[in-house]
Amino acid sequence: MIYREIGHTGKRAGVIGLGCEHLDGKPYGQVKRAVDAAIGHGINLFDIFMPGAEIREHLAKALGTRRKDVMIQGHICSTDIGQQYDISRDLPVVKRYFEAHLRLCGGYIDFGMLFFIDSEEDYKNVFETGIADYALRLKEKGDIGHIGFSSHNPVTAMKAVNTGLPELMMFSINPAFDIIPTGESIFTHLENGFDADSFVGVEPKRAELYRLCEQKKVGITAMKTLGAGKLISPEHTPFGKPLTVAQCVHYALSRPAVASVLPGCATAEEIDDTVKYLTLGDAERDYTEILSSIRGGLRGACLYCSHCQPCPAGIDIAAVNKALDIARLDTANVPPSVRAHYRALGQTGADCVACGHCETRCPFAVPVMENMKEAERLLGH
């Protein structure tokens, strides 16, 4: 493993960490094998944003006495309603969930991450309320080592960095999110496609954010590195051909201030495959030729992050969108197993009440309500 400094924290993280979200809902044996593989490869940074008690207990048990050998990003404001993931800005609720996580982690979490600072409202509800003060008290008491935050929005993220409070930022970084043609906004670029002759590099606000973090020595950990697998998929990539896992990892690690990428691996085998990056040469890591072949973007594509939840109709929106993405590959020949999986979800696209709550919370402008209709049309009968 290669280790990098995390900003000015004095901590060093492996350049490959582990995003644990895809271990949520998996049996303990699978979680244990994944944790064993990660530690065996020298991975020492785990992101645990999921609010469910079972996954947190599974991870704590799998780590056991090795808890001291790893660093944990634990998220302040990540909660749930029943079985659905949620975000809360209600301080008593926030405290209950985070302090339960603290207990499972032995009374200490290395990075207390202020969760999902994407909008002006998010910023105000965290940095101008008792939640930021709560994080400071946790740090003063020694319950957390450092304060961080997570975001997908470069403008709001810069505002958070400029408070001087965070020492770490978790941000969504991959080439499809970053690159734009000359003279266009990121949104125009992603909606209208890409002219390879006009490629100039990273969208200005995102580039400014990376430079700001480097200047202020705020470390970055990268999420969405593979674009929920779309960047490495021949069917879904926005480029002329898919990138490899190593190319995606290398792209994120090439951004200023990035200390570690946190791919979401569900199995020990996926972890083994990801860390092969460390054994490859420059030619196998190089991504530059593929970037010139971009044919579209990921705006409007579901990355299965579940930030749209909770759904008042009880729909697992990410699961419906996964089934829909598979069905779209060949709408005339949808596999029966995909239809069966869709119908077994309990609540499906047919249950959507078109309230729009999901679309206001989606960081990637996914047309969720239209997707629910399409899923029901392709899979529901």
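Buried residues are those under 20% relative accessible area, exposed ones are over 50%, and partly exposed ones fall in between (1.4 Å probe, protein chains only). The model is predicted, so local features need pLDDT of at least 70 and side-chain atom pairs count only at pLDDT 80 or more, while totals for chains, interfaces and linings use all residues. Residues are numbered from 1 along each chain as its sequence is written, and side-chain values use heavy atoms, with hydrogens and water left out.

**View 1. Helix α10, residues 245-253.** Helices (H or I, at least four residues) and strands (E, at least two) are DSSP runs, numbered from the N terminus. Eight of the nine residues of α10 are buried, so the helix is largely enclosed by the rest of the structure. The buried residues are Val245, Ala246, Gln247, Cys248, Val249, Tyr251, Ala252 and Leu253.

**View 2. The salt bridge of lysine 139 and glutamate 167.** A salt bridge is a side-chain nitrogen of Lys or Arg within 4 Å of a carboxyl oxygen of Asp or Glu. The whole structure holds 16 of them. Between lysine 139 and glutamate 167 the N to O distance is 2.9 Å. Lysine 139 lies in helix α5 (residues 130-141) and glutamate 167 in the loop between α6 (154-161) and β10 (168-172), so the pair ties together parts that are 28 residues apart in sequence. Lysine 139 is partly exposed, at 33% relative accessibility, whereas glutamate 167 is buried, at 8%.

**View 3. The salt bridge of arginine 206 and aspartate 178.** The two side chains meet at 2.5 Å, N to O. Arginine 206 belongs to helix α9 (residues 204-216) and aspartate 178 to helix α7 (residues 175-178), so that distant parts of the chain, 28 residues apart, are linked. Both arginine 206 and aspartate 178 are buried.

**View 4. The salt bridge of lysine 276 and aspartate 273.** Here the N to O distance is 3.8 Å. Lysine 276 is partly exposed, with a relative accessible area of 47%, and aspartate 273 is partly exposed at 38%. Elsewhere, salt bridges with shared partners join Lys230, Asp325, Arg328 and Glu374 into one network.

**View 5. Aromatic pairs.** Rings of Phe, Tyr and Trp (its six-membered ring) pair if their centres lie within 6.5 Å; planes under 30 degrees apart count as stacked, over 60 as edge-to-face and the rest as tilted. The structure has five such pairs. Tyrosine 123 and phenylalanine 127 are stacked, 5.0 Å centre to centre with 20 degrees between the planes. Both lie in helix α4 (residues 120-127), four residues apart, about one turn of the helix. Phenylalanine 171 and tyrosine 210 are edge-to-face, with centres 6.3 Å apart and planes at 80 degrees. Phenylalanine 171 is in strand β10 and tyrosine 210 in helix α9, so this pair ties together parts 39 residues apart in sequence. Phenylalanine 171 is buried at 0% relative accessibility, and tyrosine 210 is buried at 1%.

View 6. A disulfide is a pair of cysteine sulfur atoms within 2.5 Å, and the structure holds zero of them. Cysteine 352 is partly exposed, with a relative accessible area of 27%.
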